[in-house]
Amino acid sequence: MTAIPAFPEHARSRARHTQPGRPGRPALSDRLPHPWLLPLLVFAATWLLILAAWYGSDAIYGHGHPWTWHFLFKDAKYYLAIAEHGYKRTSPFPWGRLGSEIDRRTAFFPLFPLLIRLASYLTGGNYLIAGLAVSVLAGAASAVGVWVLAARLCDRRVADRAVTLYCFFPGAMTFGMLYSEPLAVALGAGALLALLDRRWLVAGIIGAVSTAERPTMIVLVAVFGFAAAQAIWSRREWRALIAPALTPLGMLAFFGYLGRRYHNYAFWFRVERDGWSQHVGLGDHTLRIMLWADPGTSRYAIYNVLLIAMFVAAVAGIAMMIAARLPTPVSLFAILLVLTCVVSSDQSTKPRFIWAAFPIFIGAAAKLPRFLYWPMLVLSAASLAFLIGWWPNHYFGPAP
């Protein structure tokens, strides 16, 4: 007996993209020995652009920085420090100057540095090379994950366009930095694929791993909860509750570890508030940026233009995602991730945060007409190269 599709609207959407006998050339990935090589080639092309931006900017600014200067930019040093030394015991509140620098590590979730530490056993204890290996593998896995999800939802032609938009979006600068976003995207794609297949246990396990990787991945609880409600309402599939039940365990385990270590089970939230000046707001910070009313906009005009452009890109991506009629849980995942940026008290719509809401690229790939797709791709790639080369030489705050 044929299994009932989990999301009928997805089946109808896919049918529109894959009509038998529809004229047109085959997708580029279909011309390769293995279609999944396409996202790896696009990822490799992005790395070539990253290297060109690194050394090109050094030549423009008259610097001779080693590659590690670019790769270990800003928060990357925290991940490397956690991988090497773990979460150290720190001075009590209120923090002093030195204590603040050490305590702030605990804001970073453990999975990414743990993988670096495990990889270091294969690199003879060289944590830097281990970090590079983990970063590259996570980036490649994210590109493949986005492509596979897009091919599953639409077709390979849309998947080829989606992964290209994804890899050349400004937020892809984290491919060349020791940052955790690429791993989060890879896990998010895997979780959504398991959800579409109604593999609730697998989805829950990936979800639990994801919430140990980045705090924003807690949105998977809501996504899985919505999908479980659908499954129970339409098919009485009570097993669907496994996924939302397991997903928060990664985050809870980390909070439990911090609670035992620092005798405060709300320690992470205190670090976010007192160490990083972060909390969930009502979107007023983002609104001030959109209205060009934030106190920093006069000094950081380029940064403010960037945040506004990313907000517009996010709204447009969500609109195209909805127009493409992607399955509701997939769209909900992207919408909630964008919402976490908007309501942040300080972070706002940075390129790497919007980039992590990767289903918007599937929507754009499906709905952008050809005459808009190529100019947008070129503009996006140019912005990516600009950020990679310009920001480390002029940064004044968090990485974009």
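This is a predicted model: local features need pLDDT of at least 70, side-chain atom pairs count only at pLDDT 80 or more; totals for chains, interfaces and linings use all residues.
Local features need pLDDT of at least 70, side-chain atom pairs count only at pLDDT 80 or more, and totals for chains, interfaces and linings use all residues. Residues are numbered from 1 along each chain as its sequence is written, and side-chain values use heavy atoms, with hydrogens and water left out.

Six salt bridges were found in a search of the whole structure (a side-chain nitrogen of Lys or Arg within 4 Å of a carboxyl oxygen of Asp or Glu). One of them joins arginine 152 to aspartate 197, with an N to O distance of 2.6 Å. This pair links distant parts of the chain, 45 residues apart. Arginine 152 sits in helix α7 (residues 127–153), and aspartate 197 in the loop between α9 (181–196) and α10 (200–211). Helices are DSSP runs (H or I, at least four residues), numbered from the N terminus. Both partners are partly exposed, arginine 152 at 22% relative accessible area and aspartate 197 at 36% (buried is under 20%, exposed over 50%, partly exposed in between; 1.4 Å probe, protein chains only).

Glutamate 237 pairs with two arginines. Its salt bridge with arginine 198 has closest N and O atoms 3.3 Å apart. Arginine 198 lies in the loop between α9 and α10, and glutamate 237 in the loop between α11 (219–235) and α12 (242–246), so the contact ties together parts 39 residues apart in sequence. With arginine 235, the closest N and O atoms of glutamate 237 are 3.0 Å apart. Glutamate 237 is buried, at 15% relative accessibility. Arginine 198 is partly exposed at 22%, and arginine 235 is partly exposed at 24%.

A network of salt bridges links Glu181, Arg214 and Arg352.

Conventions
Helices (H or I, at least four residues) and strands (E, at least two) are DSSP runs, numbered from the N terminus.
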